Amino acid sequence: MSDYNEMWKGLGLDIEKHDVLLNALGAIYSDVYMNQECRPNGMGYFDFVMSEVHGLRIKELLEHKEKGGKVVGTFCLYVPDEIILAAGGLSVGLCGGAQFSVPDADAVLPRNLCPLIKSAFGFKISKICPYFEVADFVIGETTCDGKKKVWELLNEHIPTYVMELPQMKRETDRDLWLKEVKAFMEKMEEESGVKITPEVMEEKIKLVNRKREAIQRVFDARKANPVPISGKDALLISQIAFYDDLERFTTKVNELADELEERNKKREGVFDEKRPRILVSGCPMAIPNWKLHSVIEDSGGVVVCEESCVGTRYFSHLVEEERPTVEDKVKAIAERYMRINCSCFSPNEERIDDIIRYVKDYNASGVIHYTLQFCHTYNVEFVRVKEALKKANIPVLEIETDYSEGDVGQLKTRVEAFIEQVL
Ligand code: SF4
Ligand code: SF4
């Protein structure tokens, strides 16, 4: 990675701090990922992507910029990738998943704020994330209160365009959302100097749809018992989906899905088939947040599905492909994105239905609900989730945590007890 020193310097990174971050990340990755047994061979590609996390992909993004394309940072599933791509841009997910950048953010932001927001903001102000530095601008959204106020502060460091996301799903809200998606398209056209045509839009819609289908195949393979891939590995794929080259990623995920389907035919699994199967539901987990999955899989369980933005919420539902004009296509995009069931919406019954359906589809023995500290929407929504799961006789454990390692011992004790209970 030291070959990239000049590139990082050119981006203005704090090289000393960045070195510490990369060394720590390498050590955590090797500890969490490289000791797993019976991993599918197809994970080799994702190990490679991680080994190059601040290297090759950044080089590719810079090359894209040299050719005149834009790089756009995003923080939420509601920002439509199809439009960024149709305007000749590339998107990178900038959600922060590391404790490393939280202390710098704490010096500016209130302490009682979700660690995902603090981590992302900390990465920018401490100049240790090359993805932030390579981005021409970023797109925020009015999802939760913490995020929408942080965009005002982030805008002082990087141009931040904010999409207004309605918080209900009535007809008037859908109309507002459609207008927002149109305005976003105009913004992308203006920034990139590219007029979006129906042909290019259709091509990009199809590419993103194929990517979502590839991840769906991996998730479908996880429905088998024994499960052919660990939850940690599946989580990694969902996390890498936010920044890797779209077509290469889709090819590699499909190759992995072929391998997993073969494994299922031979009943080859990564764990004993008696392991309790856990559905994880709740807040997103950005790289390198592998904390809960590690605790679960080190405690004798296996994660078989994530009802999460790094999981089903990312790939469920496709954009309708056969619509004639750009206007119709934008409508199809707006419709697809309004089907994501995030807790920032009220009411959000569909998410509860999703969780119960996934428990059945993935044959899960129980649900671990994951809330990041100070995430009020997922935290409060858990009250309804718990009631519904109780009614359906599905065991559930609530975990509320941050990115620090301080509570890992306590989490292990609670998760082990839950796994005993559902065994
Ligand atoms: S949890 Fe909601 S607000 Fe956060 S990234 Fe996902 S969709 Fe966006
Ligand atoms: S996890 Fe919750 S509080 Fe944090 S950014 Fe997402 S919605 Fe907001």
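This is a predicted model: local features need pLDDT of at least 70, side-chain atom pairs count only at pLDDT 80 or more; totals for chains, interfaces and linings use all residues.

Tutor: The protein chain is divided into domain 1 (2-196) and domain 2 (202-317 + 343-422). Their C-alpha centres lie 21 Å apart. The contact takes 42 residues from domain 1 and 44 residues from domain 2.

Look at the domain 1 side. Several elements each supply at least two residues there, including helix H3 (43-51), helix H4 (56-66), strand S2 (90-93) and H7. Helix H2 (15-33) is also on that list, and H2 gives the most, with five residues. By class, this side of domain 1 has 25 nonpolar, eleven polar and six charged residues.

Now turn to the core. The largest nonpolar core has 131 residues. Helix H11 (residues 198-221) gives the most to this core, with eight residues. Both domains take part: the core draws at least three residues from each of domain 1 and domain 2. In soluble globular proteins, nonpolar side chains tend to be buried together.

Zoom in on Ile215. It is among the residues with the most contacts inside the core, as are Val218 and Ile237. Beyond its neighbours within four places in sequence, Ile215 touches Ile237, Ser238, Ala241, Val253, Tyr314 and Phe315.

Finally, go back to H7. Helix H7 (residues 115-125) packs with helix H9 (residues 145-154) at an angle of about 10 degrees, with their axes 11 Å apart. That makes H7 roughly parallel to H9. H7 brings Ile117, Phe121 and Lys124 to this contact, while H9 brings Gly146, Lys147, Val150 and Leu154.

Technical notes. Residues are numbered from 1 along each chain as its sequence is written. Chains are lettered from A and ligands numbered from 1 in the order in which they are written. A nonpolar core is a set of buried Ala, Val, Leu, Ile, Met, Phe, Trp, Tyr and Cys residues joined through C-beta atoms within 7 Å. A residue is buried if 20 or more other C-beta atoms lie within 10 Å of its own, exposed if 12 or fewer, and partly exposed in between; C-beta atoms are placed from the backbone. Helices (H or I, at least four residues) and strands (E, at least two) are DSSP runs, numbered from the N terminus. Domain bounds come from an automatic or database domain assignment. Two residues are in contact if their C-beta atoms, placed from the backbone, lie within 7 Å. Axes are lines fitted to C-alpha atoms, for helices over the stretch in contact, and angles run from 0 to 180 degrees between N-to-C directions. Angles under 35 degrees count as roughly parallel, over 145 as roughly antiparallel, 65 to 115 as roughly perpendicular and the rest as oblique. Ala, Val, Leu, Ile, Met, Phe, Trp, Tyr, Cys and Pro count as nonpolar, Asp, Glu, Lys and Arg as charged, and the others, Gly among them, as polar.
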